[in-house]
Amino acid sequence: MIRRQRSHQPPARPPDLRPPRSMWWWVLPAAVLIAAAAWGTTAWLLQDLDKLSSVAEQVSARIEAARTTLAAAAGVGAAVTLMLAVRRQRHQELATVHTTHDATERRVTELYTKAVEQLGNEQAPVRLGGLYALERLAQDTPALRQTIVDVICSYLRMPYTPPPDQTPAAGPVVPRAAIAGVSAPGAGRDPHEERQVRLTAQRILAAHLRYNPPPPRRWSTTLLFVRRFLRLDLRYNPPPPRRWWPPRFIVLLILAAYLRYDQPPPRRWWPPRRAAPQPSHWTDIRLDLTGAALVDFDLSHCHIGDARFDQAIFTGNARFAEATFAGNAWFAGATFNGGAEFEAATFTGDVVFNKTTFTGLTRFVRVTFTGEEWLFDDTVFTGDAWFSEANFTGFVRFGKATFSSFARFDAVTFTDFALFEGATFTGFARFEGATFTGNALFTGATFNSSANLFDGATFTGNARFDEASLFGGATFNGATFCGGAQFEGAVGMEIADLRGVQVAPVAAMSERRWPPGWREELGKHGWRTVCQASEPAAKKGQDGASAEPGG
C-alpha cells in the first residue's frame with residue numbers, strides 16, 4: 001500500500017470578491033436579449049404569412065407564432081436566470097472560502113501570538129513549549145517559517161550569561177521546584193535551565209536547516225531477479241558423463257560471449273527519478289544571530305541563505321562541517337571560545353571574518369569559497385588554524401591577522417589576490433604545495449617560527465615578501481615563480497633556503513629581486529633556476545642583474 005505524503009505547500013489565497021455593482025448592468029442587457037429573441041422569433045415565423053390563402057389560416061399562424069415567441073422569450077429568460085444563479089453560487093462559494101481562509105489565518109495568528117508569549121515566561125518548561133509550538137506552526141505553515149526563524153533568532157540574541165560550570169556545584173540545597181524543572185518563585189531565570197532552552201532552540205534550527213541527500217538508487221525487483229537468474233544460469237556445473245550432446249559449460253561459454261556487453265548502456269528514454277522531497281527541511285532561510293550567545297552550536301550539513309553572526313559568542317565547539325551558505329556570511333567580531341569546524345563547507349557569497357577571535361582548533365579544511373571577497377583582517381587565531389586544500393576563488397585578505405599557533409595552508413588554491421600584509425605567524429607556517437594564481441602579497445608579514453615552509457608552492461602572479469620578517473628563515477624548495485618576486489628589505493632571508501626554485505622566462509612588467517646570496521641561472525627550456533652564489537663576483541653580478549626586469 002502506497003501512502004500519500006502530506007503536502008506542505010502554502011494554501012493558495014482565494015480570489016478577491018468583487019464589489020457589488022448596480023442592478024442595471026444586468027437588467028438592461030437581459031431585457032434587450034429577451035426582446036431581441038422575441039422579435040427575431042416572430043419575424044422568422046411570420047415571414048411566409050402572405051402565402052396563406054384563407055384568413056383562418058393566417059390567424060392560426062399568428063397564434064402559433066405568438067406562442068413560440070413567448071416560449072423563446074421564456075427560454076432566454078430562464079437562461080439569464082440560470083446564469084445569475086450560477087454567479088450567485090460562485091459568489092457564495094468564494095465567500096465561504098474567504099471565511100475559511102480568514103478563520104485559518106486568525107487561528108494561526110492566535111497560535112503564533114500565544115507561542116511568542118510563552119517565550120517570555122519565567123518558567124523554563126513554558127518557554128520550551130513555546131519553542132515546540134512555533135516549530136509545529138512553522139512546519140504546517142510554510143509562509144511563516146522565516147518569521148518564526150526570526151523569532152527564534154531574536155530569542156537567542158537576548159542577553160545571556162552561561163553558568164560558570166556545566167553542572168551545578170555541590171553544596172547549596174536545590175529546591176524541589178528546580179528539580180521538577182520549574183524555577184523557584186522570584187528567583188528569575190535559572191542559568192542552567194536557560195541553557196537547556198537555548199540548546200533546544202539551536203536544535204530546532206539545525207533540524208530544519210539540515211539537508212540529507214537522498215539515498216542512492218537501488219536495483220528494482222525485476223532487475224534483481226534477472227541478475228540472479230543469469231548468475232545462476234551461467235554458473236558452471238560439470239555435465240554428466242557419456243552424453244552425446246555437447247557439454248553444458250561449452251554452451252554456457254558461447255551464451256556468455258554473446259550476452260557480454262562491455263559498452264555503456266544506452267540512454268534510457270524515461271526521465272530520471274527526482275530526489276525525494278524532505279518535508280522537514282526549510283529552504284531559503286536567513287539567520288540573524290548578531291551578538292547571540294550560542295552554546296555548542298551545530299549547523300553541520302545545513303543549507304543556509306544569508307547568515308549574520310557578527311559579535312556572536314560561541315561557547316564550546318562550533319560545527320559548520322559540510323554546510324552550504326547560499327548567501328553572504330558575516331562573522332565580524334565573533335568569538336569562538338572552543339573549536340571551530342568548517343571542514344568541507346561551501347560559501348557562495350561574500351565572507352567576512354574581520355576581527356574574529358578563534359581560541360581553539362580552527363578547521364577550514366577543503367572549504368570552497370566561490371564569492372568575490374573573503375576578509376580575515378585583524379583576525380586572531382590562538383589555536384591551530386588549518387586551511388589545507390581550501391579553494392579561494394575570489395579576493396582573499398588576511399591583513400594584520402595573527403596566527404599564534406600552527407598555521408596550515410598546504411595545497412590551498414588562491415585564484416585571485418591573496419593578501420597577507422602585516423600578518424603575524426608566531427607558530428609554524430606551512431604553505432607547501434599552495435597555488436597562488438593571482439598576486440601574493442606578504443609585505444610586512446612576520447614569521448617568528450623556524451619552520452616557514454613554501455616548498456612546492458606555485459606563484460603565477462607577483463610574489464612580494466619585501467619588508468617581511470622571517471626570523472626563523474624560510475624554505476622554498478621546489479617552488480615555482482612565474483611572475484615577479486620581491487624580497488627587498490626582508491629580514492632573516494640570509495638563512496633562507498631557495499634551492500630548486502624554478503623561475504619562468506622573463507614576463508612583462510615583472511621584477512625579481514632575490515635575497516642576498518642567491519642568483520638565477522639558465523636552466524632547461526628557457527626556464528631559470530635559483531641557486532646560491534658561492535663567489536663574491538657572482539653575487540655582484542647577481543645584484544647588478546636583479547635591478548633589471550626579469551633579473
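Trainee: Hi! How many bridges join strand 2 to strand 5?
Mentor: There are 3 bridges between strand 2 and strand 5 (residues 313–315), and the two run parallel. Helices (H or I, at least four residues) and strands (E, at least two) are DSSP runs, numbered from the N terminus. Two strands count as paired if DSSP finds at least two bridges between them.

Trainee: What should I know about the model itself?
Mentor: It is a predicted model, where local features need pLDDT of at least 70 and side-chain atom pairs count only at pLDDT 80 or more, while totals for chains, interfaces and linings use all residues. Residues are numbered from 1 along each chain as its sequence is written, and side-chain values use heavy atoms, with hydrogens and water left out.

Trainee: Back to strand 5: which residue there is the bridge partner of Leu294?
Mentor: Phe314 is the bridge partner of Leu294. Phe314 also touches Leu294, and its other contacts (heavy atoms within 4.5 Å) include Phe297, Phe309, Phe320 and Phe331, not counting residues up to four places away in sequence.

Trainee: What order do the strands take in the open sheet of 9 strands?
Mentor: The order is 2-5-9-13-17-21-25-29-33, with parallel pairing. Strand 2 (293–295) and strand 33 (469–470) are the edge strands, each pairing on one side only.

Trainee: And what is the order in the open sheet of 11 strands?
Mentor: That one goes 1-4-8-12-16-20-24-28-32-35-37, and the pairing is parallel. Strand 1 and strand 37 stand at the edges with a single partner strand each, so one side of each has no neighbour in the sheet. Inside that order, 2 bridges join strand 4 (residues 307–308) to strand 8 (residues 329–330), and Arg308 stands opposite Trp330 in strand 8.

Trainee: Which strands run antiparallel to strand 39?
Mentor: Strand 36 (residues 501–503) does, joined to strand 39 (residues 528–532) by 3 bridges. Strand 38 (residues 518–522) does too, with 5 bridges to strand 39. Val530 in strand 39 is a handy landmark: Val501 stands opposite Val530, and Glu520 stands opposite Val530 as well.

Trainee: Zooming out, how many helices and strands does the chain have?
Mentor: It has 9 helices and 39 strands. Of its 551 residues, 36% count as buried, meaning under 20% relative accessible area; exposed is over 50%, and partly exposed is in between (1.4 Å probe, protein chains only). Residues 24 or more positions apart account for 35% of the contacts with a separation of 6 or more.

Trainee: Which residues of the largest nonpolar core touch the most other members?
Mentor: They are Phe309, Phe314, Phe320, Phe342, Phe387, Phe409 and Phe476, out of 102 residues in that core. Helix 4 gives the most to this core, with 7 residues. A nonpolar core here is a set of buried Ala, Val, Leu, Ile, Met, Phe, Trp, Tyr and Cys residues joined through side-chain atoms within 4.5 Å.

Trainee: New topic: what is the span of helix 3 from its first C-alpha to its last?
Mentor: Helix 3 (residues 124–140) reaches 25 Å with its 17 residues, close to the 24 Å expected at 1.5 Å a residue. The expected span is 1.5 Å times one less than the number of residues. Its buried residues include Ala124, Arg127, Gly130, Leu131 and Leu134.

Trainee: Last one: where does Glu511 lie?
Mentor: Glu511 is in the loop between strand 36 and strand 37 (512–513). With a relative accessible area of 30%, Glu511 is partly exposed. Glu511 and Gln486 are 25 residues apart in sequence and 7.2 Å apart in space, C-alpha to C-alpha.
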